[in-house]
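Welcome, and please open the model in your viewer with the sequence panel alongside. We will go from stop to stop, selecting a few residues or elements each time.

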Amino acid sequence: MFNLVSKYQPKGDQPNAIKKLVDGIKKGDKNQVLLGATGTGKTFTIANVIQQTQKKTMVMVHNKTLAVQLYSEFKELFPNNKVEYFVSYFDFYQPEAYIPRTDTYIDKTAQTNKEIEMLRLSTINSLATSNDVIVIASVAAIYASVSPEDFNEYRIIIKKGQKLNQKHFLYELVRLQYKRNDIQNEPGSFRVKGDVVEIFPGYTDLYSIRLSFFGDEVESIQILDPFSKKVMKVWDIVEIIPANEYIANHKRFNESIQRIRKEMNERVKYFNDNNMLLEAQRIEQRTNHDMEMLEEMGYTNGIENYSRHLELRNANETPYTIFDYLKNDDWLLVIDESHMTIPQIRGMYETDHSRKKTLVEFGFRLPSALDNRPLNFDEFKAKIKNAIYVSATPSEWEKEQSHNKIVEQIIRPTGLLDPNIEIRPTKNQIDDLIKEIDKQVKKNERTFVTVLTIKMAEELSSFLHEKKYKVAYLHNELKTLERSKIINDLRRGKFDVVVGINLLREGLDVPEVSLVCIFDADKPGLFRSEKSLIQTFGRAARNEHGKVIMYGDKITKEMQSAISETDRRRNIQIEFNKKNKIVPTTIIKPIHDDLKSNDDVKLIEAMFHKNSSPRNKTKAIGILRKEMLIAAQNQEYEKAAHLRDMLIELEAKVK
């Protein structure tokens with residue numbers, strides 16, 4: 001059973017939102033929308049819905065940063081249940097591609113993350129074996145995964161006292177993709193010492209499984225600390241699942257090879273018949289090489305391109321995904337920031353198809369490679385049983401799916417109001433901005449300024465700097481470490497103003513910012529649409545003195561709609577505050593260490609100086625990796641993800 005653990009009780013709009021969402025699910029409403037303003041506790045509301053409906057749940061978001069934050073929050077709210085994390089296991093991924101215009105072939109380059117691989121495998125195992133599961137997933141969930149039938153078939157259940165031939169058991173471990181390793185404690189490996197077999201499961205590095213044999217009988221099953229080798233638990237039964245997410249079914253291997261060879265011959269004939277001799281030679285050589293590797297090693301680079309044949313699927317048949325582990329269950333899908341996540345899901349299929357179609361046309365891949373793909377949007381919708389779309393600015397599509405039955409969560413339990421909004425003319429706007437910044441500096445409060453072009457952002461930043469204001473320019477070329485440092489320095493007072501083009505980025509909920517200035521507010525474009533303006537207004541919604549100034553010479557339809565919606569939400573909150581005698585107060589949010597004050601990171605900076613030796617740079621990466629693993633073990637997932645991003649950047653510099 002799901003068991004929500006929290007010292008807080010639903011407040012403000014939360015009780016009503018929870019009741020409406022739960023009632024909607026019980027009535028059989030397939031799609032619902034939760035319109036939740038910034039800071040209203042949408043995650044806590046969803047947690048209460050899970051508690052009351054007792055449904056397996058998948059929460060999808062559009063990027064890894066938000067996924068980490070939600071994973072941490074749900075782990076805290078459901079400490080006694082299985083909260084899993086399922087995102088792409090690539091830290092870096094350059095897909096295979098061909099550019100006909102320049103006759104350039106780009107081979108696949110990828111850097112996988114072992115920790116995320118473990119978490120993905122843990123997710124699949126939990127879904128296959130448990131009911132109390134909450135999966136926090138990115139849009140990687142719509143990409144192909146192992147079929148439930150194969151995953152369930154390739155597992156071994158062992159009981160104390162069971163008759164089991166040790167040699168046969170080791171063969172079964174290898175069949176489950178485990179590798180013998182008598183030196184390192186590595187997930188997905190095993191070691192043998194006499195009558196003792198120690199197994200390191202592929203889904204965790206927190207324990208190992210020791211099986212002691214007496215002849216052909218399992219004498220004991222012990223769960224060990226993998227480092228100290230102390231016995232943590234003694235079990236009577238244990239289940240060994242595959243060492244990694246993808247596993248080949250050997251029973252159909254020969255048929256798979258025959259299918260690949262047949263398709264290759266058909267494709268070679270097609271190219272020859274159309275006088276495409278280079279393409280015919282290319283596809284024949286590449287496919288023959290891959291088949292030789294598959295027959296000899298059971299694996300080849302790009303094996304995923306043969307997934308249709310390896311799984312004996314038909315052309316255009318929907319690939320297996322993590323959703324197939326939920327198809328027989330009564331489950332709930334929550335799409336967070338749906339105005340961003342849904343378009344990303346919608347666009348994945350076409351992007352992938354276009355790239356692979358070019359590879360097929362020029363003989364780099366067989367047509368069956370097109371079936372190694374993400375779900376298309378119709379297939380994705382067909383998987384949904386119950387869905388809640390969560391956003392402060394839901395799109396028309398989400399509203400249509402819910403038949404405009406929108407559950408609103410506008411009231412903030414903290415009492416904070418949406419900001420006051422003013423419209424001012426563009427004439428003398430820079431002078432006006434300076435006056436406002438001076439007021440902010442006197443109050444010790446911060447300012448965001450958003451403009452439309454890079455040139456304007458650079459020139460405005462330079463101008464303010466010349467006027468002796470403490471200003472920073474936030475742009476898309478800044479790396480994770482630099483961006484985080486600027487925001488933390490703004491909060492600490494090292495900067496008074498941050499100028500940028502898109503200040504809607506995650507992680508920009510800065511309570512110290514009480515003023516947002518929007519230049520060219522009346523210009524058409526994505527960043528001046530109604531939804532973007534409402535999101536931008538929200539940057540000033542964490543401070544009791546929140547105010548927005550829009551500079552423009554006319555009031556556009558988008559501006560008016562955004563202002564009207566903000567005023568509506570503000571009035572609802574004012575009434576609630578009066579009724580409950582709540583005085584709005586600025587959110588107090590700790591400033592997380594951006595690692596610059598850490599001695600190890602100072603050492604890392606020194607080691608990455610342009611004159612630093614390769615040895616020092618390697619040492620710096622080792623220090624950072626250690627910090628990342630410590631943060632992960634302490635369940636400081638946001639910090640661990642931040643360190644991981646730093647690590648990727650530093651490794652890229654070394655390369």
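**Before you start**

This is a predicted model, in which local features need pLDDT of at least 70, side-chain atom pairs count only at pLDDT 80 or more, and totals for chains, interfaces and linings use all residues. Residues are numbered from 1 along each chain as its sequence is written, and side-chain values use heavy atoms, with hydrogens and water left out. Element names follow DSSP runs numbered from the N terminus: helices (H or I) have at least four residues and strands (E) at least two.

**Stop 1: the parallel sheet**

Select strands E3, E8, E2, E17, E18, E1 and E19, which is their order across an open sheet of 7 strands with parallel pairing. Two strands count as paired if DSSP finds at least two bridges between them. Colour E3 (82-86) and E19 (406-409) separately: these stand at the edges with a single partner strand each, so one side of each is left without a neighbour in the sheet. Now look along the sheet; the twist averages 20° from one strand to the next. Angles here are taken between N-to-C directions and run from 0 to 180 degrees, with axes as lines fitted to C-alpha atoms, for helices over the stretch in contact.

Zoom in on E17 (residues 331-336) and E18, a parallel pair joined by 4 bridges.

**Stop 2: Ser391**

Stay on E18 (residues 387-391) and select Ser391, which lies in this strand. Is Ser391 buried or exposed? Ser391 is buried, with a relative accessible area of 1%. Buried means under 20% relative accessible area, exposed over 50%, and partly exposed in between (1.4 Å probe, protein chains only).

Show the surroundings next. Leaving aside residues up to four places away in sequence, Ser391 touches Leu34, Leu35, Gly36, Ser338 and His339; contact means heavy atoms within 4.5 Å. The side chain of His339 makes a polar contact with the side chain of Ser391 at 2.8 Å. The Ser391 side chain also reaches the backbone nitrogen of Thr393, at 2.9 Å. A polar contact is a pair of N or O atoms within 3.5 Å; within protein, one must be able to donate a hydrogen and the other to accept it, and residues adjacent in sequence count only if both atoms are side-chain atoms.

For a distance check, pick the C-alpha atoms of Ser391 and Asp329: 62 residues apart along the chain, they are separated by 26 Å.

**Stop 3: Ser307**

Jump to Ser307, found in helix H9 (residues 307-310). Ser307 is buried, with a relative accessible area of 11%. Its side chain reaches the backbone oxygen of Glu304 at 3.1 Å and makes a polar contact with the side chain of Arg313 at 3.3 Å. Not counting residues up to four places away in sequence, Ser307 touches Arg313, Asp371 and Asn372.

**Stop 4**

Select E10 through E15, an open sheet of 6 strands in the order E10-E11-E12-E13-E14-E15 with mixed pairing. E10 (179-180) and E15 (231-235) are the edge strands, each pairing on one side only. E14 (residues 217-224) and E15 pair in the antiparallel sense over 4 bridges, and Ile221 stands opposite Trp235 in E15.

At the start of H6, a side-chain oxygen of Asn165 reaches to within 3.0 Å of the backbone nitrogen of Lys167. After H6 comes Gln177, with a positive phi near 75°.

Now show E9 and E16, which run antiparallel and are joined by 4 bridges. Lys159 has Ile237 as its bridge partner in E16. Val238 and Ile240 form the covered face of E16, while Ile237 and Glu239 form the uncovered one.

**Last stop: H13 and H14**

Finish with helices H13 (residues 429-443) and H14 (residues 454-466), which pack at an angle of about 55° with their axes 12 Å apart. That makes H13 oblique to H14; angles under 35 degrees count as roughly parallel, over 145 as roughly antiparallel, 65 to 115 as roughly perpendicular and the rest as oblique. Show side chains to see Ile430, Leu433, Ile434 and Ile437 in H13 meet Met456, Leu460, Phe463 and Leu464 in H14.
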